[in-house]
Every structure is written in structure tokens, then in C-alpha cells.
Amino acid sequence: MAAGKRVTVEYFAVLREQRAVASETVATSARTARDLYEELRQRHGFALEAGRLRVAVNGDFAPWERELADGDRLVFIPPVAGG
Amino acid sequence: MGSGERLWFDVAGDAIDVAALTRRLLAPAAGAVATFEGRVRDHAAGKAVTSLAYEAYEELARREGERILAEAASRFALERAACVHRVGQLRVGDCAVWVGVSAAHRGAAFAACRYVIDEVKARLPVWKHERYADGSAVWVNASEVVPEQPEPVSPGPSRT
């Protein structure tokens, strides 16, 4: 079903800088987490390819092919640099 | 969590209290305590670092941090383990991450400590923003072209 859904996207680090907001609600017809990242990357010019990132859905890591549901919370995770 | 927790992970905005954390590791059967402190270095990739800030996706950082400690406890014969990662502004010399483990014997303590810090660096959703003396600033590892090379793991024991 190609019906639109609304998801929340939270941004951290380099993505927050590039998007210039910490979070937003997005209306999308993207099927998977990967589709949504590609859509947002094109719209906002994110430099990093999906292959350099991980994605979290509703508070935990998820596969890029995870199908999105209305109300999902997504976080795209740039390369980490703790320690 | 109470101080009696066997595994304890936190993301902290304030200075890390090493003495209090070390007390969490004490147990009658714990004959070995190994700790690691990651501190802010004054240089990175040939540039002078003036300050840095850590940012975390805290909900997931806590979840992943607790998973890493649980993995260490299942792989090694541990008594206790604790780890804290800082967020916010840090200065050169500040403690950015602290790992401590206790075990009956030193082999498990050293191995588990190494496991926890290596996994934390590889997996915790935490990002480092470095500012340099030349006025530039970067999110470490986030360049499109040149990912930072991981620190080489030392070979086995050499007794010279």
C-alpha cells in the first residue's frame, strides 16, 4: 500500500548540523527505512551514504529494510566516535 | 540503580567519579580489578585539539551499553562491571569514558575490560566533535571520504 504515513525523525551530530533541526515529523510514502533515508538525503543534501550509517526504529537498531509504520520514530546513526 | 547492581552503565553530563565507580566493583570474590580511562588528548590526526564535545543518542546508548556489559558477563567470569560515557563539553585531560570490571582472577578482568572498551568505541551511538587550535572543527569519523583507521590491536604478550 502506498498510502502516506507520518514518522518522526531525530537527528544527531553531523546529520543534525546538515539538517539544522534536531527532529521533525515527516509525511512520506517511503516503504522502508532505507527508502526514507534516500528520500531525506536527496531533499536535504546529506553527505553520507546509507552504507556509512545505521538506523534505529523506535529506540533500537533495525535493519535498513525494516518496513515503516505510521508513528515510527527513526534515528539515522552517523559513524560513531565514542571513547 | 542501586550500588548492588552487578552491571552498571550510564551516560553522564557531569565529571566521572572514579572513586565511586570503583566501589561498585568490590565484591568478596573479586580478587582482580581492571579499569580503563579514556581521556581527552591534546592532539588528533596531527592537529592540536583545544576542546571537544560528545553527543549521545541516550536512549539507545544506554540500551547498547547495557547489552555490551551483559555480553562481557556471559563471555568472561566476571564479578562486577561498570561503564560510564560522558556527554557535553570536555577539556584536555578530562575522563571521557571509564570502564571497570572485577573478577576472581586477572585474566578475566583484563580481557573483559578490553572487550567492553572496544565494543563501546565500535557500537555506542556517541559522537565526538573536536575543535582545533587552527579554528577548524569536525565530527570525528563523519567525513565522506576518509574514515579514521581503527587503532591496531596489540599482538599477544611479549616478554622481553
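User: What should I check before reading chain B, and what is its mean pLDDT?

Analyst: Check the confidence. Where pLDDT is low, the predicted coordinates should not be read in detail. In this predicted model, chain B has a mean pLDDT of 91. Of its residues, 88% reach 70 or more. The ipTM is 0.94 and the pTM is 0.90.

User: How many helices and strands does chain B have?

Analyst: Chain B holds three helices and nine strands. Along the sequence they follow the pattern β-α-β-β-β-α-β-β-β-α-β-β. Now look at the contacts between residues at least 6 apart in sequence. In chain B, 76% of these join residues at least 24 apart.

User: How do I read strand pairing, and which strands does β5(B) join?

Analyst: Start with the general idea. Strands of a sheet pair through backbone hydrogen bonds, either parallel or antiparallel. Here β5(B) shows both cases. Strand β1 of chain B, residues 7-12, runs parallel to β5(B), and six bridges join them. In that pair, B:Phe9 stands opposite B:Cys83. Seven bridges join β5(B) to β7(B), and these two run antiparallel. There, B:Leu78 stands opposite B:Ala103.

User: Is strand β5 of chain B buried or exposed?

Analyst: Count C-beta atoms around each residue. With 20 or more others within 10 Å, a residue is buried. In β5(B), residues 78-86, nine of the nine residues are buried, so this strand is largely enclosed by the rest of the structure. For chain B as a whole, buried residues make up 32% of its 160 residues.

User: How do I read a nonpolar core, and which residues touch the most other members of the largest one?

Analyst: The general idea is simple. In soluble globular proteins, nonpolar side chains tend to be buried together. The largest nonpolar core here has 57 residues. Those that touch the most other members are B:Ala72, B:Ala81, B:Cys83, B:Val101, B:Ala112 and B:Val116. Helix α3(B) gives the most to this core, with seven residues.

User: What is B:Ala81 in contact with?

Analyst: Set aside its neighbours within four places in sequence. B:Ala81 is then in contact with B:Leu7, B:Leu69, B:Ala72, B:Ala73, B:Val101, B:Ala112 and B:Val116.

User: Let us turn to chain A. What is the strand order in its open sheet?

Analyst: The open sheet has five strands, in the order β2-β1-β5-β3-β4 of chain A, with mixed pairing. Its edge strands are β2 (23-28) and β4 (60-62), and each pairs on one side only. From one strand to the next, the twist averages 35°. Take one pair as an example. Strand β1(A), residues 5-10, runs antiparallel to β2(A), with six bridges between them. A:Val9 stands opposite A:Glu24 in β2(A).

User: Where is A:Pro79?

Analyst: A:Pro79 is in the segment after β5 (73-77) of chain A. With 18 C-beta neighbours inside 10 Å, A:Pro79 counts as partly exposed. A:Pro79 and A:Arg54 are 25 residues apart along the chain, and their C-alpha atoms are separated by 7.9 Å.

User: What is the phi of B:Ala45?

Analyst: B:Ala45 has a positive phi near 50°. B:Ala45 sits in the loop between β3 (43-44) and β4 (47-56) of chain B. With 11 C-beta neighbours inside 10 Å, B:Ala45 counts as exposed.

User: Last topic: how many residues of chain B are in contact with chain A?

Analyst: Read an interface by counting residues, then by asking where they come from. Here 24 residues of chain B are in contact with 16 residues of chain A. On the chain B side, the elements that give two or more residues are α2 (58-75), β7 (95-103), α3 (106-123) and β8 (126-132). Helix α3(B) supplies the largest share, four residues. By class, this side of chain B has 14 nonpolar, three polar and seven charged residues.

Definitions and conventions
Residues numbered from 1 in each chain as written. Chains lettered and ligands numbered in written order. Predicted model: local features only at pLDDT ≥ 70, side-chain atom pairs only at ≥ 80, totals over all residues. pLDDT = per-residue confidence, 0-100. Pairing = 2+ DSSP bridges. Axes fitted to C-alpha atoms, helices over the stretch in contact; angles between N-to-C directions. Buried ≥ 20, exposed ≤ 12 C-beta atoms within 10 Å, placed from the backbone. Contact = placed C-beta atoms within 7 Å. Nonpolar A, V, L, I, M, F, W, Y, C, P; charged D, E, K, R; others polar. Core = buried A, V, L, I, M, F, W, Y, C linked by C-beta atoms within 7 Å.
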